[in-house]
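I set out here what I looked up in this structure, entry by entry. The notes begin with a term and then proceed from the whole chain to single residues.

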Amino acid sequence: MMRRILFASLGLVAAASCSVANTPDAPISPQSTGSGETGPGGSSGAGGADSQGGQSGECELNTLEHCGACDVPCEPENTQTPSCAAGECDYDMCQANFGDCDSERSNGCETAIDNDPLHCGQCDNDCANAGFENVSMAICTEGACDYDNCAATHGDCDNDQTNGCEQSLDDMNHCGGCGTLCDPMAVLNVDNATCTGGQCGYDMCTMAFGDCDNVIANGCETDTTNDTAHCGSCNNTCNGNDFCIGGNCIGVLKSCKELFDNGAKTSGPYTVDVDGAGPLKAKQVYCDMVNQGGGWTECVKVVNTAGEDLPCNVAGWLDSCVNATMATWSGNEVMVALYTANTTTYAAFGPRNNPWTYDNLTSTNGGSSQYDRSSHHMNAIILSDNRILTISGKNATNDGWGGSWGNGYVLAAQTQPSYASNNVLAVMSFNSSSPSSNCGARAFAGMDAGHEVMYSSTGKVSTHSNAALTNAYKYLNTFRFLVR
Ligand SMILES: [Ca+2]
Ligand SMILES: [Ca+2]
Ligand SMILES: [Ca+2]
Ligand SMILES: [Ca+2]
């Protein structure tokens, strides 16, 4: 009914316009001018009646050019076959991808249903109701509902477009992206690994740990109990060479034992200043804070490989330990220990009961014959595991066990002192290192450079003439000599 009223109104306006200029029934005359409303055949109302009849004086009505009135074209949008009948503009079909969604036939198919999200594919198909979860905007593409992007917090992880972006990206299995896993093991020292804001993270650091690198994904990587750059809390830096022990900065101490007594319970490198305010500078040492009561200061470390690690030109390889155990900052305890990575394979300690010199450590003999027999080792160290530690002097010459053990510093821990057998631990250079040996190879059957550090938990290492060294005795890891 509305469109009829509208067209009637348009027709009236158009007819009035036409009639003034050209309508023969209403010639221009003094009589008609000023009284057209009442003149016969001259009224606009009469023109409207004519158009309904399909014929106007100056145009043929019910054509596409003059539909309902002269010069009123019938041009419905996006239609196949426009038509005008009984003064009304109409059409038969919409063109493809267009729809008459306003129920107004006269304007044809005004709506592009291939891309209108309110009329997608067909009128009144509102893509907002298409069931897309968590999308930033529903859109219409080629007549089908779709969406432009997922909301930042969600993803289409099931590859099912129809439900949109069903997956929260705050999920340990889809963290920040579909299929992006958060490995809880990579988030260190936290109460609970989480995915928050699309990032792997955590809720809280466990006690004494801090997220000091501001990398959330690796959690709380820093132990603030012993980190001088983050002591007690992130970015609390200790002064100079001060230590961080138990989360507190404390001044440099003389030895690992002092550190241990001040609360350092973790093995690793520490800085010590062995003469305190004296002229020696502080230096870094390895402290074993775990084995045999802790507080041990390393004086020698040998990382034994299959190659030669103690060539005879380092005949003084144990000098630093002789110095260390005789120093004022240390006591008289020594420890021998074997380590594989952070695991201790063997560690035993005991007291030194006499002054050490480079040439005479545990032997009671002179420069030669230091391994001749057990009676030469009245100063041998009884270790905490009841094994017996004997060490020949730096310049010991031949005449040792088997005629060759006694060259240079040679260290052995035995179940009982005996002729080159019953060794749990033995450390020596591959070649003899005594001044008189000219770096000649030791004459043990089966010995190679991998045997510089040997270990047998059951005390089977033997260089006795009828027992060849086997590969099993090679300890291809770390030997340390430590003092306390
Ligand atoms: Ca329409
Ligand atoms: Ca989906
Ligand atoms: Ca971190
Ligand atoms: Ca070696």
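**Entry 1. A term needed first.** I take two strands to pair if DSSP finds at least two bridges between them. With that settled, I looked up Thr390 and found that its bridge partner in β24 is Ala412. I note that the model is predicted.

**Entry 2. The chain as a whole.** I counted the secondary structure of the protein chain and recorded four helices and 27 strands. The protein chain has 484 residues, and buried residues make up 42% of them. I then turned to contacts between residues at least 6 apart in sequence; 44% of these join residues at least 24 apart.

**Entry 3. The sheet that holds β24.** I asked in which order the five strands of this open sheet are arranged. The order is β22-β23-β24-β25-β26, and the pairing is antiparallel. At the edges stand β22 (381-382) and β26 (453-455); each has a single partner strand, so one side of each is left without a neighbour in the sheet.

I next checked both partners of β24. Strand β23 (residues 388-392) is joined to β24 by five bridges, and the two run antiparallel. Between β24 (residues 410-414) and β25 (residues 423-427) I found four bridges, again with the strands running antiparallel.

**Entry 4. Ala413 and the nonpolar cores.** I listed what Ala413 touches, leaving out residues up to four places away in sequence. The list comprises Val336, Ala348, Leu383, Arg387, Ile388, Leu389, Asn423, Val424 and Leu425.

Which residues of the largest nonpolar core touch the most other members? They are Leu259, Met335, Val336 and Ala413, in a core of 64 residues. Strand β20 supplies the largest share of this core, six residues. Apart from it lies another core of 15 residues, among them Cys109, Ile113, Val135 and Tyr147.

**Entry 5. The six-stranded sheet.** I then followed β20 into its own sheet. Six strands form this open sheet in the order β17-β18-β19-β27-β20-β21, with antiparallel pairing. The edge strands are β17 (268-272) and β21 (343-351), each of which pairs on one side only. I noted an average twist of 40 degrees from one strand to the next.

At the β17 end, five bridges join β17 to strand β18 (residues 283-288), and the two run antiparallel. Tyr270 stands opposite Val285 in β18, and Gly268 stands opposite Cys287 in β18. From β18 I went on to β19: two bridges join them, and they too run antiparallel. Cys287 has Thr297 as its bridge partner in β19.

**Entry 6. Helix α4.** Which residues of helix α4 (residues 319-326) are buried? I found Cys321, Val322, Ala324 and Thr325. They cover an arc of only 165 degrees around the axis, which puts them on the same side of α4. As a general point, an α-helix has 3.6 residues a turn, so residues three or four places apart point the same way.

The buried residues of α4 pack against β19 (296-303), β20 (333-340) and β27 (478-483). I also recorded that the direction of α4 makes about 175 degrees with that of β19.

**Entry 7. Gly201.** Last, I looked up a glycine in strand β12 (residues 199-202), namely Gly201. Is Gly201 buried or exposed? It has 21 C-beta neighbours inside 10 Å, and the cut-off for a buried residue is 20 or more, so Gly201 counts as buried.

Leaving out residues up to four places away in sequence, I found that Gly201 touches Thr194, Thr196, Ile216 and Ala217. I also read the separation between the C-alpha atoms of Gly201 and Val215, and it is 8.8 Å. These two residues are 14 residues apart along the chain.

Key: Residues are numbered from 1 along each chain as its sequence is written. Chains are lettered from A and ligands numbered from 1 in the order in which they are written. This is a predicted model: local features need pLDDT of at least 70, side-chain atom pairs count only at pLDDT 80 or more; totals for chains, interfaces and linings use all residues. A residue is buried if 20 or more other C-beta atoms lie within 10 Å of its own, exposed if 12 or fewer, and partly exposed in between; C-beta atoms are placed from the backbone. Two residues are in contact if their C-beta atoms, placed from the backbone, lie within 7 Å. The arc is that of the directions from the helix axis to the C-beta atoms. Axes are lines fitted to C-alpha atoms, for helices over the stretch in contact, and angles run from 0 to 180 degrees between N-to-C directions. A nonpolar core is a set of buried Ala, Val, Leu, Ile, Met, Phe, Trp, Tyr and Cys residues joined through C-beta atoms within 7 Å.
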